[in-house]
Amino acid sequence: MASRVERIEQIEGSKAVARAVAACRPQVVAAYPISPQTHIVEEVSRLVRTGELTPCQYVNVESEFAAMSMCIGASAAGSRAYTATASQGLLFMAEALFNASGLGLPIVLTVANRALGAPINIWNDHSDSLSQRDSGWIQLYARDNQQAVDLHPLAFRLAEELSLPVMVCMDGFVLTHAVERVELPGQEAVDAFLPPFRPAQLLAPEQPMTIGAMVGPEAFTEVRYLAHTRHLRALTVLPRLAEEFRAAFGRDPHAVLGEAHLEPGGTVVLAMGSVLGTLADAVDELRAEGLPVGLLGLTLYRPFPAEALRLALARAGRVVVLERALAPGVGGIVSADLAAALHGLPDPPEIRTVIAGLGGRPITKASLCRMLADATAGRLPELLFLDLERDVVERESGLLEKAPDEEGAT
């Protein structure tokens with residue numbers, strides 16, 4: 001039997017992910033550093049330099065746009081391709097993201113989630129990856145570094161089975177720079193789980209062909225429809241691959257949802273990413289006090305697992321969606337998807353949105369306990385900005401309102 005675990009280490013999240021990526025044997029890695037992703041590509045670079053990852057062409061490129069463009073070329077030419085980025089870097093490669101998904105290229109990208117400017121902010125939230133939710137990439141979100149490691153072999157396998165790109169999102173600094181105990185997968189087990197890349201389409205000089213040619217109105221809708229249906233296949237393929245992963249590595253990667261303490265009529269908090277750890281502690285504390293609170297972690301965000309969520313939440317009394325991103329003028333991003341998913345249920349739960357942790361603001365257990373207690377008592381508004389400093393808002397709002405008068409006075 002193949003070795004499931006190469007070793008257990010106290011290791012930084014970025015380095016653990018880099019080791020997992022190396023075990024997946026990418027043949028081309030395109031790299032352009034941006035905080036907080038830098039340590040990932042630095043560690044992959046070291047593994048290539050020392051011969052621990054071979055054969056692999058590691059290329060320092062001049063921008064994030066170039067990184068994704070190189071991955072597109074490499075993947076189209078039959079190589080397993082990988083890169084990583086964050087924040088504005090993800091926006092800079094946005095045009096190429098759409099090209100990669102439109103061409104059906106199974107590239108894997110790690111996003112070390114970071115806020116978007118302006119104003120400049122290097123700390124964590126999910127603004128960057130959620131801004132690309134309609135790019136045609138499958139999106140997976142890790143709650144801790146063990147899951148971030150586990151999701152990468154799964155991402156390569158899923159990408160290559162569907163011929164679609166996959167981004168694995170891990171919270172910048174909170175996970176990328178955290179040192180914790182991680183089980184690193186053994187090479188033999190990864191090789192058994194992830195077979196060599198066999199591209200569905202291949203650019204080769206001896207067999208000339210064109211991909212990505214212009215498509216007119218007579219066929220563009222059909223092309224997009226086919227892309228949509230292929231994307232939806234992840235909803236059935238991913239659970240099967242997750243079961244294979246569990247059998248191969250002895251861990252459940254919770255590839256779609258992770259749930260705890262769901263009960264009829266109770267309050268359920270739905271979230272993505274590292275905040276799930278603090279939420280679990282808050283839920284345990286509240287349940288010890290007798291409050292009917294449960295937790296639902298969302299790993300697969302695109303395609304949105306609507307049916308799985310309907311099954312999980314059909315008997316909930318209310319759902320609090322805790323989001324680390326904001327759609328200005330709307331509110332919650334995931335909340336809107338969830339409302340659509342639950343539409344039509346006979347007795348749908350109330351949905352409340354809580355915006356928290358923007359730009360790296362700490363999300364404390366005490367704040368979460370207060371918020372969930374309010375939700376259970378029916379006191380939570382439809383949209384709440386957790387720990388909003390109202391004196392700062394009122395002072396700045398006052399300055400804005402006074403500005404025209406002040407200009408007139410001068």
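Here's a quick rundown of the charged side chains in this structure. Keep in mind that the model is predicted.

**A salt-bridge network**
- Six residues are linked up in a network of salt bridges: Arg7, Glu9, Arg19, Glu43, Arg46 and Glu52.
- Within that group, arginine 7 and glutamate 9 pair up through their side chains, with an N to O distance of 2.3 Å.
- Arginine 7 is partly exposed, at a relative accessible area of 32%.

- Arginine 25 and aspartate 191 form a salt bridge at 2.9 Å, N to O.
- This pair ties together distant parts of the chain, 166 residues apart: arginine 25 sits in the loop between helix H1 (13–23) and strand S2 (28–31), while aspartate 191 belongs to helix H8 (residues 187–193).
- Both partners are partly exposed, with relative accessible areas of 38% for arginine 25 and 31% for aspartate 191.

**A pair within one helix**
- Arginine 246 and glutamate 243 make a salt bridge, and their closest N and O atoms are 2.9 Å apart.
- The two are about one helical turn from each other, because they lie 3 residues apart in helix H10 (residues 234–249).
- Arginine 246 is partly exposed at 38% relative accessible area, and glutamate 243 is partly exposed at 42%.

- Glutamate 394 counts as exposed because its relative accessible area is 55%, and the cut-off for exposed is over 50%.

Conventions
Residues are numbered from 1 along each chain as its sequence is written. This is a predicted model: local features need pLDDT of at least 70, side-chain atom pairs count only at pLDDT 80 or more; totals for chains, interfaces and linings use all residues. Side-chain values use heavy atoms; hydrogens and water are left out. Buried means under 20% relative accessible area, exposed over 50%, partly exposed in between (1.4 Å probe, protein chains only). A salt bridge is a side-chain nitrogen of Lys or Arg within 4 Å of a carboxyl oxygen of Asp or Glu. Helices (H or I, at least four residues) and strands (E, at least two) are DSSP runs, numbered from the N terminus.
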